[in-house]
Number of protein chains: 2
Amino acid sequence: MTRPGSRSGTTMNDVAAAAGVSQATVSLVLNDAAGTRFSEETRRRVHAAAHELGYRTNAHAKVLRDGVAGMIGFVGDFVATAPFAGKIIEGAQARAWEAGLLLLTVNTGGDKDLEAASLEAMLSYKVAGVVYAAMYHRVLDVPDVLAEVPSVVLNSRDRSGRFPSIAPQEELGGYTATKHLLDAGHRRIAMINIGAEDGELPAAVGRHAGYLRALKEAGLNPDPGLHRIGEGHESGGFDNALALMRGPQPPTAIFCANDRTAWGAYQALSQLGLSIPHDVSLVGFDNQETLAPHLRPGLTTLELPFLEMGRRAIELLLAGAERDGSTEYFECPLVERHSVAAPLKTTSSH
Amino acid sequence: MTRPGSRSGTTMNDVAAAAGVSQATVSLVLNDAAGTRFSEETRRRVHAAAHELGYRTNAHAKVLRDGVAGMIGFVGDFVATAPFAGKIIEGAQARAWEAGLLLLTVNTGGDKDLEAASLEAMLSYKVAGVVYAAMYHRVLDVPDVLAEVPSVVLNSRDRSGRFPSIAPQEELGGYTATKHLLDAGHRRIAMINIGAEDGELPAAVGRHAGYLRALKEAGLNPDPGLHRIGEGHESGGFDNALALMRGPQPPTAIFCANDRTAWGAYQALSQLGLSIPHDVSLVGFDNQETLAPHLRPGLTTLELPFLEMGRRAIELLLAGAERDGSTEYFECPLVERHSVAAPLKTTSSH
DNA sequence: CCGCGGTGGTAATTCGTATAACTCTGCTCC
DNA sequence: GGAGCAGAGTTATACGAATTACCACCGCGG
């Protein structure tokens, strides 16, 4: 009803009739099919008619005919919900679009029934592949149906090892963070981790391992009293930072295994009247854009390369073929701001 | 290759062959079509064969035949990127799913070409409707193509008035926030707004109007010196709060037009050695989940009902029909935490 | 012995597009 | 002057599911 010609149901037959040619001609001309020859006059008429009628190809008919759809499924336990992980979709969507593909997204919120049902729906839409994304890095069980189509696990690892996975390089991140603090001259470096290291949480395990490696490499003996476990939230950072600084031998620097924890530590230090980085240095992890740059002083932290990871997931899908279950690790670059300085007085180690 | 029967290309004909019946029978049985009668034995065989072969309906064939697809397009200038607006997608997706529909999402990042192209793609997929969502509440120009399909504008208003819009009730929010402060006994209430009120930013205009109305209703004369304009960021909150408190007659309470601004104010007050809410009370706006609950003390703020707004957008789409360009406003409930208390000393007004 | 109604199912068509195979008209060339 | 061929299109079919119209069979009444 909008413009005269833009009825939603305009088909190639309508265009053909308007241009006075056959439907096949319309198809061939509009798709600029290779190896066919039509007079300039005919091409002109077809294009004119198509434009006039507001013709738009019916994607379903095309898919039915060609067998493969221009869509990729993106299932996550969060997708939209998580504040910072939006980047991961942004990257995926951008890359998909470059390949002319649309993203069919569902966030299950952890609901396994919804997950199964939406995967079924996606498969009936003949998606070219499925990205199975997780909010945080862990080891997870991938639904069997995904084996029917190219799939990749994003920001987590597939326990069964059937699917290619993409994950951040946690250990190196932990190492880099700690090394940065060591290089600034710190010797008593605490770590407030996110949750227990029961092996199901590669972020916690890896970051801590990197922390230990850096310490060891510097010839330092890790003080168990400086290693604490929060829950990845502000309160965990707050409580643990408070306990740490009130202890007998407080650290001169704290590595917080995520930015939220670091924020809690900021609040604790502020409450104790300690200044950052003068009295104590801090390094975070995640480079959460709503947080890290806006703390005072700005938080030095490690960036989770979500944009690239999202892009890469689609890339792998498109490459298809190989389909081994190997994991591709992404390095987390250090982004320096102003929460790290040299310690006040060096607690000499000999 | 996974399980024997789960080839991706299993069609009704395959099932029919396996069950020893016709394709029509398979269709009728599987869809449990009304008014048809098949023997129990036949039904059983059909279901068994379908299950055995891992049959899954081809959505494209169905759409082609039936004309309407089980998908809704969701286009945004952000979609994933914005930290808190994820809720809006979550709500939309949940409601869509209840209706058996999938969401086809694209975040354009403001790129108009991408926007146009993805709308075209969505329309070729015969989406049942399109939600056109914006990151922040404003007045925007909606692409003409949207007129071809049921569409609704989410978290913004359509300038042309052709499409139904859904937006938060900013004025009432500003009023509620201010009233809350008045009720606590405050008389000198400042406001740090987000950006200029040039009419293109309903959030800024509305929240300020509500602030003025509440003041007027309380018989107070707004002090222009207490009204400041930030940029909606932390730094705007920081700088303006600092200026406000260092002024000749500092306020006893500040209404910050968003949570990020409020956070900046927290930092400024902390720097000045002022405590919240003892020395000054604060109210924010947005109830940003990564921020408001984690500030110390927790920030009293107004919630943007994104989940409901997202749901409602889909609801309107499904209702279709009417299609007037009216705007539906959503109330922003006050969520009380601990940043508001009675003022220290009342600056009596007579 | 024919017709009739009910039961249980099937054949054929439709949706919109892509494409392989085919037709028809001129023209050239020997 | 007919073979051959290039040029310009067309016809027909397939993709997978839904649906309408139809058909075959059986038992029974008249």
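These are my notebook entries on a predicted model of two chains, A and B, with DNA strands C and D.

Strand β2 (residues 102-107) of chain A runs antiparallel to β2(B), and three bridges join them. In that pairing, Leu103(A) has Thr105(B) of β2(B) opposite.

Next I checked one pair within chain B. Strand β3 (residues 130-133) of chain B pairs with strand β5 (residues 151-154) of chain B over four bridges, in the parallel sense. Ala133(B) is opposite Leu154(B) in β5(B).

**Entry: the contact between chains A and B**

How many residues does the contact take from chain B and from chain A? I found 43 residues from chain B and 42 residues from chain A. On the side of chain B that touches chain A, at least two residues each come from α4, α5 (86-98), β2 (102-107), α6 (112-124) and α10 (259-271) of chain B. That side of chain B divides into 19 nonpolar, 17 polar and seven charged residues.

**Entry: DNA strand C**

I listed what is around DNA strand C. There are 26 residues around it, and those that come nearest are Met12(A), Ala24(A), Asn58(A), Ala24(B) and Thr25(B). Two or more residues of this surface come from each of α2 (23-30) and α4 (59-66) of chain A, and from each of α2 (23-30) and α4 (59-66) of chain B. Of these, α4(A) gives the most, with five residues. By class I recorded ten nonpolar, eleven polar and five charged residues near DNA strand C.

**Entry: DNA strand D**

I repeated the look-up for DNA strand D. Which helix gives the largest share of the surface near DNA strand D? It is α4(B), with five residues. The classes near DNA strand D are ten nonpolar, eleven polar and five charged.

**Entry: the four-stranded sheet of chain A**

Chain A also has an open sheet of four strands, ordered β9-β8-β10-β11, with parallel pairing. Its edge strands are β9 (227-230) and β11 (281-283) of chain A, each pairing on one side only. The twist averages 20 degrees from one strand to the next. Inside this sheet I followed strand β8 (residues 189-194) of chain A, which four bridges join to β9(A) in parallel. Met191(A) has His227(A) of β9(A) as its bridge partner.

**Entry: two helices of chain B**

I looked at helix α9 (residues 234-246) of chain B against α10(B). Their axes come within 6 Å and cross at roughly 45 degrees, and the two helices are therefore oblique to each other. The crossing is right-handed. Residues in the contact include Phe238(B) and Leu242(B) of α9(B) and Trp263(B) and Leu269(B) of α10(B). By class, this contact has eight nonpolar, six polar and two charged residues.

**Entry: backbone details in chain A**

I found a cis peptide bond between Ile276(A) and Pro277(A), with omega about 0 degrees. Pro277(A) sits in the loop between α10 (259-271) and β11 of chain A. A cis peptide bond also joins Arg296(A) and Pro297(A), where omega is about -5 degrees. I placed Pro297(A) in the loop between β11 and β12 (301-302) of chain A.

Finally I noted Asp32(A), which is not a glycine but has a positive phi of about 50 degrees. Asp32(A) belongs to the loop between α2 and α3 (40-53) of chain A.

Note on methods:
Residues numbered from 1 in each chain as written. Chains lettered and ligands numbered in written order. Predicted model: local features only at pLDDT ≥ 70, side-chain atom pairs only at ≥ 80, totals over all residues. Near = placed C-beta within 6 Å. Nonpolar A, V, L, I, M, F, W, Y, C, P; charged D, E, K, R; others polar. Pairing = 2+ DSSP bridges. Axes fitted to C-alpha atoms, helices over the stretch in contact; angles between N-to-C directions. Contact = placed C-beta atoms within 7 Å. Parallel < 35°, antiparallel > 145°, perpendicular 65-115°, else oblique. Left-handed = near helix turned anticlockwise from the far one by under 90°.
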